[in-house]
Amino acid sequence: MTKILGCLELLETQSLELSRLNDVDGITEDDILSRIIPIKSHRIIKLGRNNKEAHLVIDHPVVSAIHCIIWCVLFDEESFPMCYIKDVSLNGTKINGEVLLKDASYLLKDKDIISIECDSGIICSLKFVDTIARKPNTDLLKQLNVERYVDGWEISTRVVGNGTFGHVLVCGNKNIDNKSQKNDDTLQKNYAVKIIKLKPNKLNKEAKILLQLNHPNIIKVYYTHMDLNNNLFIFQDLISGGDLFSYLAKTDCLTAIPETESLLIVYQILLALRYLHKRGVVHRDLKLDNILLASPEPCTKITLADFGIAKHLTSTKTRMHTVVGTPEYCAPEVGFKANREMYQTFSRAATLSDRDIGYSNKCDLWSLGVITHIMLTGISPFYGDGTEKSIIESAMRGNINYNIRHWEKISSTAKEFVKNLLQVDVRERFDSNQAINHPWIKVHRNQLDQIYQKKILQQGTTSTPITSLSNSGNLAKAILVQDTGNLIEKSKMNWKRKLPKTIVVSNKKMKLNTLHKYTSKQKI
Ligand SMILES: Nc1ncnc2c1ncn2[C@@H]1O[C@H](COP(=O)(O)OP(=O)(O)OP(=O)(O)O)[C@@H](O)[C@H]1O
């Protein structure tokens, strides 16, 4: 049974008799009696007037068809759920009496009151209850050996995610963006801070590169700081929809998403890559985990994160020789010619031999090819039996079978696009300009640009409630119904970093290479 990560308690509506919870989507009779909407992973709760799509239908002229949405992101088994609300209405949603910024997400905390109001008062209000509420690990900052306050930033113990090199925590800063806030003693706008323990005297390359970048699809960094314990702090936007891995891992293995949805994601990644490559920056670690979503739904804004092993090339240094990346997404030329012994023992810092010509920014295009392949088919193309040896060997061969059923419904231009990115011969592989001009993207370019300008760029990051506004209208009818939007399927809880090697489907064991077992933490 899918775990309940939080819930919404219906407090009051203007017309109580019309409130109803449907016995759907994991909502039990007890929930109905107690007027509670459970929040689970991979399910977006919708509040609004549309009685086909909204879980809580509020039949009131002030309420938009879909007024606000609520979802929960769970990084992995050990982490705390992060529940967010986003207002998508014309007339606004309030949190604890303050209006939410439209299209920006707000990180809910236990007992927050969500309300939709009109001139005559509250149309409907709900209380968010953090069902997993445990005592915060107050020792976390001590364990990480970091201070709670860093130059005006307050670091919380809420973990957003963990990686090989860094811990990402929620933080806040009362001095930026919060000047209009009346209440001074709570952290209101949420940001994220990545804390990396550096070796003494090690250069802080990630921060240096990120501070030079300014693109809507690249993580925005506000401030960096190195403390006396060699902890590097990178203060950045908190991206609220989780990463692409979690989005695709709706069940025990990755699932494909529709071609149009993939196209919109690829387009945004390419805009970011074109920007980076033009400035001589190579990401070198593009993978599902480093692509963050503004909200876990189609047509969302994409943000590239984790520039931990990015490289800045210059006019004199145009190629790279260090073996880095994550095997599953790593271009064949990056490390596979390296001395295997050295490569295995000295992992991250192995270098290609002097005779090798190194590699260029096209390694990012290979990774994008792997990502696109996974989005279109649900299959990691070079996964093999999951061992590093098998991944490397199959990437070097570069053979992909496009005749399997997973490709059946995919357009030939999409296949061509992937083929051009997954070219073992670097000279044959597309660069970011060629990729963006490929027919798969080019024929849809006008529509993509329109969606990008009108919808994607409007999506904010995490927000803070702003000034109050007034609504007008009549009585509310609040009815809870089944989510028929079908965008986020009901699914089993998945633990992102522990996907099984095999799963049983229709009593037959699926072949290993049809699954994407999570190995990308095996960074080299
Ligand atoms: N700004 C952010 N907003 C929301 N989530 C984030 C943010 N930055 C990172 N994360 C989450 O935290 C995870 C780890 O962060 P990050 O990839 O930067 O760390 P890392 O140590 O460099 O990881 P890796 O092992 O992939 O190199 C990411 O996969 C992502 O899910």
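Strand 13 contributes the largest share of the shell around the ligand, 3 residues. The model is a predicted one, in which local features need pLDDT of at least 70 and side-chain atom pairs count only at pLDDT 80 or more, while totals for chains, interfaces and linings use all residues. Residues are numbered from 1 along each chain as its sequence is written.

The ligand is surrounded by 25 residues, a residue being near a molecule if its C-beta atom, placed from the backbone, lies within 6 Å of it. Gly161, Gly163, Thr164, Phe165 and Asp306 are the closest. Two or more residues of the shell come from each of strand 13 (153-162), strand 14 (166-173), strand 15 (191-197) and strand 17 (231-237); strands (E, at least two residues) and helices (H or I, at least four) are DSSP runs, numbered from the N terminus. By residue class, the shell comprises 10 nonpolar, 8 polar and 7 charged residues (nonpolar: Ala, Val, Leu, Ile, Met, Phe, Trp, Tyr, Cys and Pro; charged: Asp, Glu, Lys and Arg; polar: the others, Gly among them).

Strand 10 (residues 113-118) and strand 11 (residues 121-129) are paired in the antiparallel sense over 6 bridges, pairing requiring at least two DSSP bridges. The two strands form a hairpin with 2 residues between them, and Ser115 has Ser125 of strand 11 as its bridge partner.
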